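Hi,

Here is the structure I promised to pass on. My notes follow below it.

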Amino acid sequence: MKQFALLFSAIDSTTSTNRKVEAMAEYFATASPANAAWAVYFLSGGRPKRLIGVRKVAEWAMTESGVPPWLFEECYHAVGDLAETIALLLPPPTVVNAEKPLHEWVETVLLPLGTVAEDEQRTAVLDAWRQLDGTERFIWNKLITGSFRVGVSEQLVVRALARASSIDEGVIAHRLSGHWTPGAQNFSALIEPDSSDADRSRPFPFYLAYALEDELEALGQPTEWQAEWKWDGIRSQVIRRDGTTYIWTRGGELATDRFPEIVAAAELLPDGTVLDGEVMPWLDDAAMPFAQLQRRIGRKKLGPKILADVPVVLIAYDLLELGGIDLRSESMSSRRAKLEAVCERGEGPARSIFLSPTIALATWDDARLAQSNSREHRAEGLMLKRLDSEYGVGRRKGSWWKWKVQPFSIDAVMVYAQPGHGRRALLHTDYTFAVRDGDALVPFAKAYSGLTDREIRELDAWIRRHTIEKFGPVRHVEPVHVFELHFEGIQKSPRHKSGVAVRFPRIARWRTDKPAAEADTIETLRTLLAAQQ
Amino acid sequence: MIKGMLQLTERGLYCAAADVYIDPWLPVDRAIITHAHGDHARWGSKHYLASRDGGRVLRTRMGADANIELIDYGEPRTINGVRITLVPAGHILGSAQVRLELDGDVWCVSGDYKTEPDPTCSAFEPVRCNTFITESTFGLPIYRWCSQHETFADMRTWWAENAALGRASIIYAYALGKAQRILAGMLGADIGPIYTHGAVERLTNDYRESGITLHPTSPVVAQPKGTSFAGSLIIAPPSAAGSTWLRRFGDISTAFASGWMQVRGARRRRSLDKGFILSDHVDWPALIEAVAATGAENVWVTHGYREQVVRYLTDKGLAAQAIASHWEGEDEQGPAVADEEAIA
């Protein structure tokens with residue numbers, strides 16, 4: 001456990017991706033396979049299913065530390081993290097114990113918690129608290145409450161494993177995908193040099209577009225360009241090789257089992273095919289909001305209800321491999337022609353893979369008109385790709401552009417503030433904003449991001465001095481400061497007092513030039529809503 | 001506000017009987033200063049009374065023209081019948097509690113204080129009193145300091161690891177008090193001279209001239225051009241973080257020494273490599289113990305977590321109340337701003 005705690009501290013105390021990977025690689029190279037297996041599991045986001053109710057853990061901690069509930073609550077608000085609050089409040093350990101390795105803690109203490117009666121749970125947890133201190137105690141609390149997180153992704157864990165074992169990242173990612181279970185043998189297999197599972201699953205590096213900055217005219221003739229909608233989904237490659245399908249997201253995640261509809265349609269693709277496209281939630285021939293896709297992604301298990309409520313499709317916009325031949329150096333127009341032919345076969349009865357429609361461009365005004373209508377198509381703008389462009393590597397300026405619609409914008413007044421969590425603990429960083437309604441202010445959005453650290457500190461100091469009322473951690477502040485908020489969509493919502501819900505609100509800037517009396521009104525929101533519908 | 005020896009006015013805590021303020025935040029005729037930190041020792045008053053131990057640092061902070069009168073700890077001064085005594089507060093060099101007595105009624109203003117031993121200042125002495133006015137900067141039970149020996153040992157290990165990698169180690173610490181406490185904690189370490197930022201060096205010299213033994217230091221500015229700082233230890237005020245002043249040091253590792261480092265979020269937010277938990281204020285257990293040791297039946301609480309401390313003490317049967325103050329170097333502005341506070 002000590003070694004794992006040291007690894008955790010090393011990752012936790014640096015923002016450098018490289019130092020994190022180094023620390024993990026060193027751990028994987030030196031830890032015993034049994035411990036390393038659990039480290040892989042936890043670091044890449046694995047969580048044993050619900051072991052103990054958080055409330056129970058908090059109660060035991062209050063009793064053990066002799067802190068009354070109200071004071072515990074205050075401490076929690078200051079720290080912003082329950083596991084850490086408990087670790088700080090508990091009395092120092094009383095048992096000076098011999099070191100117990102991570103796998104033993106997990107296998108003989110942690111996992112059994114889920115199956116024993118409350119009394120035994122309590123005994124086991126108190127026992128651990130009396131043995132562990134500092135970071136180890138904090139990690140333990142994170143594990144029992146199912147909230148262990150550290151600033152690395154599965155991708156970085158894969159990179160570290162690759163570095164520690166000199167095995168290709170793609171191979172490790174593939175071996176780790178699906179239902180990998182932690183165990184000494186499985187860990188050894190993970191970094192085994194023999195790679196009979198040759199990397200047939202591997203995607204190509206995604207080619208990325210730049211945001212359009214110039215006037216369209218600067219791009220040359222519109223007839224040299226292909227225009228498509230820019231969808232708000234998950235960029236993915238669908239790979240069909242040797243009779244097997246793999247779906248990789250741009251985030252580097254192998255997501256095959258998340259999208260059974262697309263897997264079914266992909267079986268109709270010829271062998272040796274790689275499609276690039278967007279996984280979209282799609283119902284009744286129309287795109288659904290991204291939030292629906294998130295809802296589905298959030299499910300560990302895909303039941304019939306979520307599959308029916310939020311079906312997904314792949315909108316295919318490029319063909320990277322056909323008949324096992326890499327097409328990336330061919331022109332966009334050539335790849336597109338082949339893509340059209342392939343998609344006819346791949347659509348299948350459920351139409352779960354279909355071709356991304358193009359928008360005819362006779363003049364640049366056609367593009368402008370289409371772009372301004374993006375929201376009606378539930379798209380977030382246009383993609384412009386040169387017809388003669390190859391499928392490049394990474395991001396290169398010049399041949400692919402994304403042209404997103406302007407976000408909605410509202411000047412709103414900050415009315416409530418509360419401290420953030422994690423990195424933002426002790427600072428007021430979560431704000432609620434209101435618009436004017438006659439003399440009253442109607443809250444309509446919460447936003448967390450968009451200010452600089454300096455602005456956050458300045459605002460935090462102001463908030464502490466201009467609080468009208470406190471409800472627990474929430475401060476009702478003087479309605480003075482105006483902020484320009486941006487958001488992506490607006491919907492009617494009976495659940496909100498304002499009657500609207502906005503998507504992805506964030507702070508664009510602090511309007512220090514504007515008094516609250518000049519902030520936008522509820523009417524402005526209603527007008528935006530009407531225009532949406 | 002209950003009537004008594006002291007009352008809270010818009011200029012600060014005021015003793016009407018002696019016509020004197022304690023740590024006023026606006027200019028007054030007569031001020032008693034508990035210690036030389038900027039939020040307690042403000043410019044512009046006509047006359048200051050302070051402890052002799054802190055005379056040098058106070059002079060550095062207040063300038064040559066300030067009218068400062070120094071008295072020893074325990075040396076009583078009677079003004080209009082009010083017997084005033086300064087008692088060590090253990091916060092920084094010269095820090096004092098102010099004990100006021102009139103007709104058998106005893107009040108004590110703690111200023112900032114800690115009860116842990118500290119070789120750079122006289123140890124805190126509990127004062128028996130009827131009314132105790134305490135700070136509460138770290139007035140939550142999550143604040144429970146680890147042993148300072150452990151912290152200093154960690155500092156040495158951290159420095160040695162950095163030195164092995166050819167990195168300079170930079171510790172951000174308040175220029176008055178914390179910096180010197182670290183220098184005392186490093187005494188005997190095989191580090192060579194510890195380099196200092198100008199703000200730190202000035203006050204460090206005041207400490208030495210006041211008779212405090214510290215690890216040898218050398219100001220960064222005094223080093224010849226092209227000096228390599230690889231493997232050295234440097235102490236700078238928090239305001240130096242992220243500044244161009246750091247460029248000369250090449251590859252660095254940074255740390256902050258403060259009680260706020262107890263909370264993980266506060267450490268991570270600053271993108272520091274290390275947070276050392278080292279505070280010149282009382283932690284929760286020491287605060288509760290210190291209040292009990294005064295035997296006071298009335299407790300006024302200022303600074304940070306005053307509402308929480310008041311509620312806790314009230315539940316314990318004491319007559320406690322929160323009072324608003326402008327002593328906010330490390331409290332009302334919140335920890336985020338506090339660590340930016342450079343000591344002028």
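A word on confidence to begin with: pLDDT is the predictor's confidence in each residue, from 0 to 100. Chain B averages a pLDDT of 91, and 94% of its residues score at least 70. Residues 329–344 of chain B are below 50, although this stretch has 46 contacts beyond near neighbours in sequence in the model (contact means heavy atoms within 4.5 Å). Where pLDDT is low, the predicted coordinates should not be read in detail. The scores for the model are ipTM 0.90 and pTM 0.70.

This is a predicted model, with local features needing pLDDT of at least 70 and side-chain atom pairs counting only at pLDDT 80 or more, while totals for chains, interfaces and linings use all residues. Residues are numbered from 1 along each chain as its sequence is written, chains are lettered from A and ligands numbered from 1 in the order in which they are written, and side-chain values use heavy atoms, without hydrogens and water.

Now the aromatic rings. Over all chains there are 36 aromatic pairs (Phe, Tyr and Trp rings, the six-membered one for Trp, with centres within 6.5 Å; planes under 30 degrees apart are stacked, over 60 edge-to-face, the rest tilted). One of them joins A:F28 and A:F187, tilted, at 6.1 Å centre to centre and 40° between the planes. Both A:F28 and A:F187 are buried (under 20% relative accessible area, 1.4 Å probe, protein chains only). A:F28 and A:F187 also belong to one aromatic cluster, whose members include A:W38 and A:F148.

Best wishes

Methods: Buried < 20%, exposed > 50% of the residue type's maximum accessible area, 1.4 Å probe, protein only.
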